[in-house]
Amino acid sequence: MSTILLSGFTGNIGYEVAAQLSAHRIRALVRHPASAPRLPHVAIRESLPDALAEDTEIIIHGAANTAFRAPLEDLRIDNVEGTRRLLEFASRCPRLKKFIHISTACVSGDSQGLIPEAPLPPPVAFLNPYEQSKWEAEQVVLATDLPVQIIRLSIVAGSDQDGTVRRQGALHHTLFWLWRGLIPMMPGAADTPVDIISTEYAASFIAAAVHSPPRAESRIIHACAGEGAPRLGELLEHLRLEFSALSAAWRSGAILPPALVDAATFRLFESTVQQSGDLLFQRVCGDAKSFLPSLLHPRVYQNHHAQALNPQPITDWRSLVTLVSRHVIEQHTRTSRDCRLPIGVAALG
């Protein structure tokens, strides 16, 4: 049993990480204790007194500002300086065994091809300020002499048990707008990999890292689907079949899957939307802009270190997409009564 300090407990995977580490003592650092979920082995903390340093053995840093389009300086305060502060605390922990930093595969920016499980040079461009702030946070972690491990997560879609997600992000908004038929085109090619994993699968890598000794050759691992990631074309076809089972509009062809286009065509579409003044389409484009541009930079994430750490089979992506898409539609339906939904949404019950 170890004493673990966990930041990001109220985020998308923090609760699942804590649940998988039920054999340990966990102190969860949260901003709003009253709204934090409860687990018997988790003590909620709002601050970080020096007294906690005495017996802290593992630190899992999962807290982050994930607002993709927030100003870079705001993101640096949370993602870079927040990481630096926690590393400073870690340096005062005499029993520290490992500092696990939760990062994102998005630090690869506009890079294409095979992305190694290794420190990455700055790409030619980042696709949004969030990516840059997380890349900068990695540099802070790698510069320390502490026993650190960086776990880069690919797109965490939701639970492989029921499709739930604690905080919906760019992927989930895009799924809903696709269901509504409001994304007529997407940038990318049919064979572009879309690396998605479940919440439980992502958390299992972090739990495995807690139980493994630090190794110099595996300071960075990719919790991802790797070669098992679906391609964009087959993902859209699966969604077409799923949506058709739920909606008469999809079954009849009144709503069609989006056309796959090149970057120039998609930019022209976005420009047309902005000039139209249509607020709904502007919102759709704004949500999609956090997710779709990455499809123009096809890549596969190396995961040799990850498989050595945690060799369990990955969740079937088709089952995961089905569960998550149904959950997203149900959630948006409850909160978007003023939106005109396609015929057939009542089939969800």
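Ile60 has Ile100 of strand S5 as its bridge partner, strands here being DSSP runs (E) of at least two residues and helices runs (H or I) of at least four, both numbered from the N terminus. The strands S4 and S5 pair in the parallel sense over four bridges, where pairing requires that DSSP find at least two bridges between two strands. The structure is a predicted model, in which local features need pLDDT of at least 70 and side-chain atom pairs count only at pLDDT 80 or more, whereas totals for chains, interfaces and linings use all residues. Residues are numbered from 1 along each chain as its sequence is written, and side-chain values use heavy atoms, with hydrogens and water left out.

Seven of the seven residues of S5 are buried, so the strand is largely enclosed by the rest of the structure; buried denotes a relative accessible area under 20%, exposed over 50%, and partly exposed in between, for a 1.4 Å probe and protein chains only. In a regular strand the side chains alternate between the two faces of the sheet. In S5, Lys98, Ile100, Ile102 and Thr104 point one way, while Phe99, His101 and Ser103 point the other way. Ile102, located in strand S5, has a relative accessibility of 7% and therefore counts as buried. Contacts of Ile102, with residues up to four places away in sequence not counted, are made with Ile60, His61, Gly62, Lys134, Ile151, Leu153 and Ile206, a contact being defined by heavy atoms within 4.5 Å. The C-alpha atoms of Ile102 and Val124 are separated by 23 Å, the two residues being 22 residues apart along the chain.

S4 and S5 belong to an open sheet of seven strands with the order S3-S2-S1-S4-S5-S7-S11 and parallel pairing.

The side chains of Arg27 and Asp55 are joined by a polar contact of 2.7 Å. A polar contact is a pair of N or O atoms within 3.5 Å; within protein, one must be able to donate a hydrogen and the other to accept it, and residues adjacent in sequence count only if both atoms are side-chain atoms. Beyond four places in sequence, residues in contact with Arg27 include Thr3, Leu5, Ala43 and Arg45.

Thr3 is also reached by Glu57, whose side chain lies 2.8 Å from the backbone nitrogen of Thr3. Glu57 is placed in the loop between strand S3 (42-45) and strand S4 (58-61) and is buried, with a relative accessible area of 5%. Among the residues that Glu57 touches are Met1, Arg25, Arg95 and Lys98.

Helix H8 (residues 263-276) comprises 14 residues and reaches 20 Å from its first C-alpha to its last, close to the 20 Å expected at 1.5 Å a residue; the expected span is 1.5 Å times one less than the number of residues. The buried residues of H8 are Phe266, Phe269, Glu270 and Val273. They cover an arc of only 95° around the axis, which puts them on the same side of H8, the arc being that of the directions from the helix axis to the C-beta atoms. Arg267, Leu268 and Gln275, on the other side of H8, are exposed. The cover over the buried residues of H8 includes strand S9 (185-187), strand S12 (259-261) and helix H9 (279-288). Just after H8, Gly277 adopts a positive phi of about 80°.

Asp278 caps the N-terminal end of H9, with a side-chain oxygen 3.0 Å from the backbone nitrogen of Leu280. Buried residues in H9 include Val284, Cys285 and Ala288, and their cover includes helix H4 (170-180) and H8.
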